[in-house]
Amino acid sequence: MQYDVIVVGSGPGGYVAAIRCTQLGLKTAVVEKYSTFGGTCLNVGCIPSKALLDTSEHYHNAAHNFADHGISLDSLKIDVKKMIDRKNDVIAQNTAGITFLFKKNKIDSFEGVGSFVDKNTIKIEKEGKDAQEIKGKNIIIATGSKPTALPFLPIDKKRIITSTEALQLQEIPKHLIVIGGGVIGLELGSVYARLGAKVSVIEYAKSIIPTMDASLGKELQRVLKKQLGFEFFLGHKVTGATAEGSEVTVTAEDSKGKEVSFQGDYCIVAVGRTAYTEGLGLETIGIKTEERGNKIPVNEHLETSVEGVYAIGDVIKGAMLAHKAEDEGIYVAERIAGQKPHIDYNAIPGVVYTWPEVAAVGQTEEQLKEAGKKYKTGSFSFKASGRAKASGDTDGFVKVLADAETDEILGVHMIGPRAADMIAEAVIALEYRASAEDVGRICHAHPTYTEAFKEAALAATDNRAIHA
């Protein structure tokens, strides 16, 4: 064999897996069909969306909040082209970083579409070049996902668009219609709402971010309406969309089955993502994908039905999260090297990068109730946080769920300033099976946002919050 491991795909799961393989002494190659590394996350997902979120947040603060701090600005405006150029530069810096890491770790890379010839052979095809084949003892499939399309709603990539095109708009929409009230739709909606667009969210479920604790969705909906003027149409089933010139019309049925329509100049279809497995030749080696979501079945060690062929990240079961893919990449690399790694999927956090940010780890109240688990809860509002008052970020709260008998923390749910960073402390608490009292007794620096977690933990322990 030429290689110990061949990784197909260079997104967060793929490139991290490749680096860990080489750290463990395994000769490794990566096959990537695009000209840059990093997959969806670095090129058209996590990184560019955060760049635009940061830019739009600066603008929104300058337009609406600076005056409270005694800062006056005249003739404020946004240069959309420069905003997009900066986002592209951020992408370039990050993808170049992956190239550097591949060279540093002596990882061979091949540009082209990889497909299975047999379970140990990958054919690489690139337009204008002869196909080549490489062999490996182990193969890791890390091809990620693509935006889910609705069969009755054609995407023209001009007015009816996906998240990919939404990152490249050259103007601020007058009225942006977002189909889907999940993470992607709310983040991109926030970007353009902060810049002045009217944003309407159409969601089939009865709440936004429906996979997270219901209290988070309720609070986020309230804040987005108050701060950015979002309109929400929940319990609505989209039935179609058409574009004529610069106008988009979206049709839907409301919760009572009545036909309604919405007119805007752009529509983002953000109803989820589907595993990307086209062209891999899985059928050649006897792997069948699941009908729902096109995902690849794997066992508890992330190995497919074919020995020596593994799959990680968005192409397998579970939440589609870059950090989940990274952990799975490391897990598979260490399994191949003969180690015995472990992943606790219950301790993988989820984040929504709106403002306030939303973050959670562990079980939701709804899950605990459904399981019949006895639990206690403690919450602390950022309105009572000294640090939040100083920065003017008093929306939101931290909620801690703990076992009613043992006090072990079962879930932590946050909406507030820097929740994306604060959730890491909660992840550690779950990993080490800390009790709510453990967190409540840890000294937290003052004044910080993280004190809210301590106070919520104290509230869950025995209603002992100091500042509530």
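**Entry 1: the model and the record**

I noted at the start that this is a predicted model. I then checked the UniProt record, an unreviewed entry, which places the feature "domain: FAD/NAD(P)-binding" at residues 3-329. I looked up the make-up of that stretch: over residues 3-329 the chain is 31% helix and 27% strand. The C-alpha atoms at the ends of the stretch are 17 Å apart.

**Entry 2: strand β15**

I turned to strand β15, which covers residues 266-269. Which way do its side chains point? I found Y266 and I268 pointing one way, and C267 and V269 pointing the other way. All of them are buried.

Next I looked for the strands that pair with β15. Strand β8 (residues 160-161) pairs with β15 in the parallel sense, over 2 bridges. Within that pairing I located I161, whose bridge partner in β15 is I268. Strand β9 (residues 175-179) also runs parallel to β15, and 4 bridges join them. Here I177 stands opposite C267.

**Entry 3: salt bridges**

How many salt bridges does the structure hold? I wrote down 20. I followed up some of them.

I began with K137 and D4, which form a salt bridge with their closest N and O atoms 3.5 Å apart. K137 lies in strand β6 (residues 132-141) and D4 in strand β1 (residues 3-8), so this pair ties together parts that are 133 residues apart in sequence. I also checked the exposure of K137, which is partly exposed with a relative accessible area of 47%.

I then took D85 and K81, whose side chains meet in a salt bridge at 2.9 Å, N to O. Both residues lie in helix α4 (residues 80-104), 4 residues apart, about one turn of the helix. I recalled the general rule for this spacing: an α-helix has 3.6 residues a turn, so residues three or four places apart point the same way. D85 is partly exposed, with a relative accessible area of 37%. K81 is exposed, at 54%.

**Entry 4: helix α13**

I finished with helix α13, residues 451-462, and checked its span. At 1.5 Å a residue, its 12 residues should span 16 Å, and the end C-alpha atoms are 17 Å apart, which agrees.

How many of the residues of α13 are buried? I found 10 of 12, so I put the helix down as mostly covered. Among the buried ones are F453, L458 and T461. I looked up what covers them, and the cover includes strands β20 (375-381), β21 (397-403) and β22 (409-416). It also includes helices α11 (419-431) and α12 (436-441). Last, I stepped past the end of α13 to N463, which follows the helix and has a positive phi, near 55°.

Notes:
Residues numbered from 1 in each chain as written. Predicted model: local features only at pLDDT ≥ 70, side-chain atom pairs only at ≥ 80, totals over all residues. Heavy atoms only, no water. UniProt positions renumbered as here; feature names shortened; annotations may be inferred. Buried < 20%, exposed > 50% of the residue type's maximum accessible area, 1.4 Å probe, protein only. Pairing = 2+ DSSP bridges. Salt bridge = Lys/Arg side-chain N within 4 Å of Asp/Glu carboxyl O. Expected span 1.5 Å × (residues − 1). Contact = heavy atoms within 4.5 Å.
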